[in-house]
Amino acid sequence: MNVLEVSGLTKYYGDSVALDNAGISVGAGVIHAIVGENGAGKSTMVKVLSGMVTPDSGEVKIDGTVLELGVPKVSRSAGVFTAFQELSLLPNLTVAENLLIAELPTRSGVVSRRAVQGQAAKILKEWGVDDLDPGLMVGQLPLSAKQRLELVRTLSHNPKILILDEPTAALPDTDWLFRHVRAARDRGACVLYISHKLAEIGQLCESGTIMRNGKIVGDFNPTNFSHDEIISSMIGRSISMAFPPRVTAIPADAPILLKAIDFEVGNRVRGVDLQVREGEIVGVAGLEGQGQRELFYGLGGASPVTGGIVEVAGTATKVSNPRKALKAGPGIALVPEERKREGIFADLTSVTNISVPALKKLSFAGIIRRGPERKLAMEAGRDAHMPEEYLGRDVGRLSGGNQQKSVLARTNLTGAKILLMFDPTRGIDPSAKLEVYSTLRTSAANGAAVLFYSTEIPELVGLCDRVIVMYHGRAVAEFEGERITEDAIMQAAVGNTSSATAAQGDKS
Amino acid sequence: MSDQLAIQAQQRRSSRMQTIYRPLILAALALLVLVAGRLVSESLPSWIAVQTVLSLSMFLSVVAFGQGLVMLTGGLDLSVPGVIALSASIVAVWVSFMDGNLFVGVLLALGVSLLFGIVNGVLVSVLKAPAFIVTLAMGAVLEGFSLFITYGHKAPESPELLVTLFSGSGKLFGIGIPALLFFVVGIIGFIIQARSRFGRNAYLLGSSLEASRIAGQPVNFIQISMYAVSGFGAGLAGLMLVGFSGNAQLSLGTEWLMPSIAAVLVGGTVIGSGRGFWQATITAGLMLTSITIVIQSTGVPQGWKSVLYGVVVLVALLSTRSDFGRRRRKQISQSPLQGNPPKK
């Protein structure tokens, strides 16, 4: 019997399934890799094991004992410790306090600052991180130091089950980590290693599991595998969607509606060049957190731009807020990432949600004319495939797909011709996805320039005329027409640019 | 298909609950409270009491209008008492000590109130200071100013026209002018909050600040204008109260802050949500005012009256809150709208 036995884990978030009857089994003294696309369910599985998320069904056994799920404390006392991808440090506490937060040394109930610092310094030294001052505020540390601290904190508990979720995303020297992970394995720990970096997995892991759409789709042997095979299993061949047909090739003389030169947003987007022509859908691909969001938000005026030039229909333009972006030339409209928070007005009806950009036009002497408002919203809703009977309802109560359609209907009403679509199909059902594709294609056919980000690579392949791949804040590859393939995109997305022939970064 | 119809009917019911039934229930409760006032006082219920309730509710509504808009957008205006006192002092001092023109005094008072409302709004929206502290501090500042301009004088007499208009001595069709104005305020407030672009902007901002911003709404301007309206409303109420009470005392505004917030909340507005209706706010105001009148008619000492009123407001708040909270949550978790429409 193995140390860790997970079976039948299922977890729904609203309509979308994060884990679908997933199970794994890992023995003591094994480093086991879990790979999969964004949204495949890896992080949800990690959160279930650490007690942060209660699954809808399923069971976790540790050493044959059933673990009570959904209680972080129980998971910890069972020996499960996790270094989270998004890091779980408290920014307003010091390094030392973060390290010892679970058992702060006290003297008659009062935390002794000196004892905390002393103990922390000892732990840091023990793990070979003595260049980190235990008295510093964590919020002020660079990301790499935070990641290291998160790892030290996790390792220092001598976990029985050690979970590392993308531990090297911001870590410069992986050797340090590998040394300690191997040491943990050698003393009998069971290690779950989650990473996008297949090269690391080949170096470190002994067994592996591939996840897709919340399911376990297969095992692989990290010491002997082909990257292509794994990537193929990760993205899945079975997905065949009816994408709307591409129009004939975009004419080379179609006007360039949006052009960015050496575009920078903080340190997340570091010099991206791109252009989108009238009628074109340009896809953006990348693993989570490679600067895609900042690229879209920067272009849409929702994040402060720190460098570069943006040309809207040939005119250099400063987009300092979304209102200005909408008014710039043919107009730039952003469909944001977090639909619930940034996209919809949940407490208000679909009509109210859709009519926002037209309110001025719909008003007479400051009073909104309700008949025309409803009519306009109905037409815009129909264009976005929104069922008419939902128009009078609060958007917050509709399904994710219909919420997104209301956002798209509103975006169409702005009249903007430059559309920045950030993951518009996230978490919506398949039929709604198809309707979103068709809405995008129709917009492009009507002369819009669409920039489209999706975490689902098949969507990019199926829908886009051209695809840009981002890695570490740069556009590292660009594919067009026949060369847009899932393999090519995935290879470029994990930083493996040797196979990406048209590297845009080289041009600039 | 019958499911669909049932859902639509349910949705219509729940929206009618808020826009029609709730105000009707609150108004009926107000009347009921007055009738039940018989138990504590021989003089209740009476036509005079009804007029008094309407008059006081009118003042309350003028304050609660801006307060409600500010709360809808996620803020709170605690500077109301200060603005009322300042506006009252300005007009009274201008007319009775400086022999100024009443019309100019009114414009001056309203202008200053509007200005400080805008300052509140700028501090909250542009400088991202917490509304609670900003408006509380602003209230203190304004009360200080009021003290300043009335300093060394006995409370200045109110301009006669204001007294005639707002003390209830002036009548139209045999009904006191303030009582009639209740309906005027009600209708104007409804048009602005429920039907105008201005009101719509408040709902949008309250429902989601981020979505408003990304949809290209001028969020700072909208937020500032809500505080400006609240300041203006409080200033207007100050003018009315000068006429109502016959002189400009500094304490004029203090008793209107809590009722203005309570009326908004008992009326079902959820702070920072885009959820709330004017007709419910003013009828909640009627009910709270009726309760005040009845409590005032009892013979209990002043201290106990205050305690009683506070407890009643709390109970009113909790009963409407928890009831609606529960129903809403249940609806959401069971709502068949969560899923997708069956595709045939």
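Where in chain B does UniProt place the feature "transmembrane region"? The unreviewed UniProt entry puts it at residues 20-40, 46-66, 78-97, 103-124, 131-152, 172-192, 224-244 and 256-273 of chain B. Keep in mind that this is a predicted model.

- Residues 20-40 of chain B are 81% helix and 0% strand, and their end C-alpha atoms sit 31 Å apart.
- For residues 172-192 of chain B, the end C-alpha atoms are 26 Å apart, with 76% helix and 14% strand.

**Where A meets B**
- On the chain A side, 32 residues are in contact with 31 residues of chain B.
- The chain A residues that touch chain B split into 16 nonpolar, 7 polar and 9 charged.

**Helix H6 of chain A**
- A:Leu177, A:Val181 and A:Ala184 are its buried residues; seen down the helix axis they fall within an arc of 55°, so they line one face of H6(A).
- An α-helix has 3.6 residues a turn, so residues three or four places apart point the same way.
- The buried residues of H6(A) pack against strands E3, E9 and E10 and helices H5 and H7 of chain A.
- On the other side, A:Asp175, A:Arg179, A:Arg182, A:Ala183 and A:Asp186 are exposed.
- Just after H6(A) comes A:Gly188, with a positive phi of about 100°.

Methods
Residues are numbered from 1 along each chain as its sequence is written. Chains are lettered from A and ligands numbered from 1 in the order in which they are written. This is a predicted model: local features need pLDDT of at least 70, side-chain atom pairs count only at pLDDT 80 or more; totals for chains, interfaces and linings use all residues. Two residues are in contact if their C-beta atoms, placed from the backbone, lie within 7 Å. Ala, Val, Leu, Ile, Met, Phe, Trp, Tyr, Cys and Pro count as nonpolar, Asp, Glu, Lys and Arg as charged, and the others, Gly among them, as polar. UniProt positions are given in the numbering used here, feature names are shortened, and annotations may be inferred rather than shown by experiment. Helices (H or I, at least four residues) and strands (E, at least two) are DSSP runs, numbered from the N terminus. A residue is buried if 20 or more other C-beta atoms lie within 10 Å of its own, exposed if 12 or fewer, and partly exposed in between; C-beta atoms are placed from the backbone. The arc is that of the directions from the helix axis to the C-beta atoms.
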